[in-house]
Amino acid sequence: MNYHVLTLFPEMIEQGMGHSITGRAIKNEHIHLNVMNIRDFTENKHRKVDDYPYGGGAGMVMQPQPVYASYEKAKEIIQQQGGSKKTKVIYLTPQGRTFNQEIAKDLAKEENLIFLCGHYEGIDERVLEEIVDENISIGDYVLTGGELAALVMMDAIARLVPEVLHNDISAEIESFSDGLLEYPQYTRPVEWHGKKVPEILLSGHHANIEAWRKEQSYKRTLERRPDLLENN
Ligand code: 6GU
């Protein structure tokens, strides 16, 4: 999986991806992260990336030229890496369809994902028309820019790349993969603050433990996210 991020805040992306499981996946080269600073592609001496909106109104709009030039550079890098055609350009915007696990699974099949992060009041519509394949939102609230949304998507997609969670089969059994929430987990000590670990988990009876966990998953889903059961 090759991630390319077009952004005005490259350090936000590098920091956000540089830790924990995504950090290790990048280090191990299971995931490649190419972050491009849109400002590096400006052609004016003040490196200005935005201007006033035609027709008036609040805020500034990102100009098409540096956005397009950064996109072309990302495509050039993709060509150099072997020229795979399996590439999607995603614009992070509250106007997009809402990201979910199903979209994450689909996008995990791509070889290159280009994330375009906007700021200010948005990006000139003409460049969006030319380069964007998919508009995606991460939920019904407004962020100051697309970077946090891109990080959310890259994290969710990374853990579906087969090599990334190598250590166990957790991606398969975790929340949402069977449409249910996870069962509760316990570790040592066996008693804490007067609360004991459920006896069955100490029994060593694997079939009973599995049945108990399935029941807990179902009960928990019914209580906390009944909407998830409606399709089952
Ligand atoms: Cl993708 N971008 C912004 N700016 N706000 C959002 C969002 C994206 N998803 C939810 N809110």
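Biologist: What makes the nonpolar surface patch of about 430 Å²?

Modeller: Phe9, Met12, Tyr141, Leu143 and Leu148 make it. A patch takes residues with over 30% relative accessible area and no salt bridge, with nonpolar side chains (Val, Leu, Ile, Met, Phe, Trp, Tyr) joined within 5 Å and like charges within 9 Å. A salt bridge is a side-chain nitrogen of Lys or Arg within 4 Å of a carboxyl oxygen of Asp or Glu. Areas come from the Shrake-Rupley method with a 1.4 Å probe; for residues, only the protein chains shown count as cover.

Biologist: What is the model's basis?

Modeller: The model is predicted: local features need pLDDT of at least 70, side-chain atom pairs 80 or more, while totals for chains, interfaces and linings use all residues. Residues are numbered from 1 along each chain as its sequence is written, and side-chain values use heavy atoms, without hydrogens and water.

Biologist: Why is Leu148 called partly exposed?

Modeller: Its relative accessible area is 47%. Buried means under 20%, exposed over 50%, and partly exposed in between (1.4 Å probe, protein chains only). So Leu148 is partly exposed.

Biologist: Why is Tyr71 called buried?

Modeller: Tyr71 has a relative accessible area of 9%.

Biologist: How far from Val5 is Tyr71 in sequence and in space?

Modeller: They are 66 residues apart in sequence and 9.2 Å apart in space, C-alpha to C-alpha.
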